[in-house]
Amino acid sequence: MPITAYSQHFEKELDAEQLLALMNARSTPPAAYSLEQLPDQWREWIKQDVRCPSCGAPGAQIVNGATARASSTVMRQPHFRFVAQDGGDAHHRFCDFHHWDEHAPHSDSLVNFGSARSRETRLVRMLVCKAIERRLFSQADIRAMRQWFFDTKSQNRYVVAATEQALEYRWRLRCHTHHFGLEFHPSHAAMPGFDWDEAALSEFSRVYKPVLDRFNYVRPPTAAHTRARALAKHFGEEVFDTSVLEPFYKQTLNLCTFFATHTPELGYSRHAAMMFRWEGASTVLLAFCALLLHVSAWDIQVAIAKLGQLLASPPPADDTLGNVIGLNPFHDYLAWQLVKEASQLAVEQPDDLDYEAQLRTLKAEMQSDYDAWKQRQ
Ligand SMILES: [Zn+2]
C-alpha cells in the first residue's frame with residue numbers, strides 16, 4: 001500500500017492528492033473531483049497510468065483515507081493498492097509491497113497524519129518539492145533510486161532457514177549488548193549481595209562473544225522481532241538478501257541523525273535522534289535521506305551541503321512537484337536482518353539454539369566452581 005506511486009503520464013511520483021490535483025487542473029474544463037467521488041473513467045485511467053514505485057506493477061487503485069469519527073483526526077492517509085487482472089496482488093514477488101495488505105496493515109511505510117510526526121511528513125514533502133524546483137534532484141532520480149534498490153536487492157538472494165527457535169535465540173542475544181564480559185571467578189560469589197542470574201548473563205556474554213560480535217551491532221526494537229517472525233513464514237523460499245544494503249543503511253541513519261539533531265522543526269529530542277542508529281529512523285526520514293545520499297554518490301558531506309541549501313531556501317512555488325515519502329527503501333530492514341542472522345544460526349549451530357539451557361548450564365557450572373572454591377578456603 002504505497003502512499004506515493006509513479007504516474008507515467010505526469011512523469012512523477014505523486015501521492016493520491018497530488019495526482020488528483022493535477023488531473024483536476026489538466027482536464028478540460030478544469031474539474032474539482034474529490035478522492036471520494038472519482039468517476040469510473042478516471043479510476044480506469046489511474047489503473048492504466050499509475051505504477052508501483054518499487055517494482056513498476058500496473059493496476060493502481062486509490063484507497064481513500066480514514067478519519068476517526070469522534071475526534072475527526074486523520075487516521076490513515078489515502079494510498080495506492082495494485083491489483084492484478086485476476087483480482088490478486090499485482091506486485092513482483094520480490095517487491096516490498098508484495099502481499100502488503102495481508103501482512104502489514106500498519107506497516108512502517110504508511111505515514112500516519114494523525115500522529116505527532118505529521119509535521120515531519122509535511123516538512124519533508126516541502127523539501128522534496130524545493131529540491132525538484134531547484135534541480136537538486138529530479139523525478140527521474142527518484143525513479144532511478146527505486147530501481148537501484150530493487151535491482152541491488154534482487155541480485156542478492158538467499159534461502160530462509162530461520163526456525164522459530166533460531167529467531168528466538170537471536171532475539172535473546174540482544175540483551176547482551178550492555179555486558180562487558182568480566183570473567184567469572186568463584187570468589188565473586190562471596191559478595192553478600194551476589195546476583196547469580198546477572199553473573200550468568202555476564203558470563204554468557206564472555207563465553208559466546210564470537211557469536212555476539214557477529215550480531216550485536218544493532219539492538220533491534222521489539223517491532224522488528226515481531227515482524228521477523230511474520231517474515232519467517234517464507235521458510236525454504238528464496239528472498240532478497242538485504243544485508244547487501246548495510247553500508248547504505250548505516251550512512252542513511254547517520255544523515256537522519258544529523259538532520260534530526262540540527263532541525264528542531266522535526267521535533268526530535270537529541271536522545272531520540274541518537275537512538276536512530278540502534279532502532280532505525282522514521283520512514284519519511286529514511287526515504288528522504290536515502291534519496292539525498294543517492295544523488296550525492298553516497299557522500300554524506302555532499303548530501304549535508306544540499307540539505308543545508310534546501311532548508312535555507314524559500315518555500316516552493318509548486319507543492320505538487322513530487323513526494324518521496326511513500327516508500328522507505330529500507331523497508332523492514334531490521335526485521336529482514338534478524339531473519340538473515342537467524343537463518344545463519346540455524347544452519348551453523350542447529351543443535352545449539354536453546355538459550356535458556358545454555359544459560360542454565362553456565363550458571364550450574366559457576367555454582368559448582370564456587371562450591372569447590374569454598375571448600376578449599
Ligand atoms: Zn510493487
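The paragraphs below follow the aromatic rings of this predicted model, beginning with ring pairs and ending with charged side chains placed over rings.

A search of the whole structure finds 22 aromatic pairs. One of them joins Phe149 and Trp298, whose rings are 6.4 Å apart from centre to centre with 70° between the planes, an edge-to-face arrangement. Because Phe149 belongs to helix 5 (residues 139-154) while Trp298 sits in the loop between helix 12 (283-294) and helix 13 (300-312), this pair ties together parts that are 149 residues apart in sequence. Phe149 counts as buried, with a relative accessibility of 3%, and Trp298 also counts as buried, at 14%.

A further pair is formed by Phe184 and Phe194, and because the ring centres lie 6.3 Å apart with the planes at 45°, this pair is tilted. Both Phe184 and Phe194 lie in the loop between helix 6 (164-173) and helix 7 (196-207), so the parts that this pair ties together are 10 residues apart in sequence. Phe184 counts as buried at 12% relative accessibility, whereas Phe194, at 22%, counts as partly exposed; the dividing value between the two classes is 20%.

Arg174 lies over the face of Trp171, at 3.8 Å from the ring centre, and Lys340 lies over the face of Tyr158, at 5.4 Å from the ring centre.

Conventions
Residues are numbered from 1 along each chain as its sequence is written. This is a predicted model: local features need pLDDT of at least 70, side-chain atom pairs count only at pLDDT 80 or more; totals for chains, interfaces and linings use all residues. Side-chain values use heavy atoms; hydrogens and water are left out. Rings of Phe, Tyr and Trp (its six-membered ring) pair if their centres lie within 6.5 Å; planes under 30 degrees apart count as stacked, over 60 as edge-to-face and the rest as tilted. Helices (H or I, at least four residues) and strands (E, at least two) are DSSP runs, numbered from the N terminus. Buried means under 20% relative accessible area, exposed over 50%, partly exposed in between (1.4 Å probe, protein chains only). A charge sits over a ring if NZ of Lys or CZ of Arg is within 6 Å of the ring centre and within 35 degrees of the ring normal.
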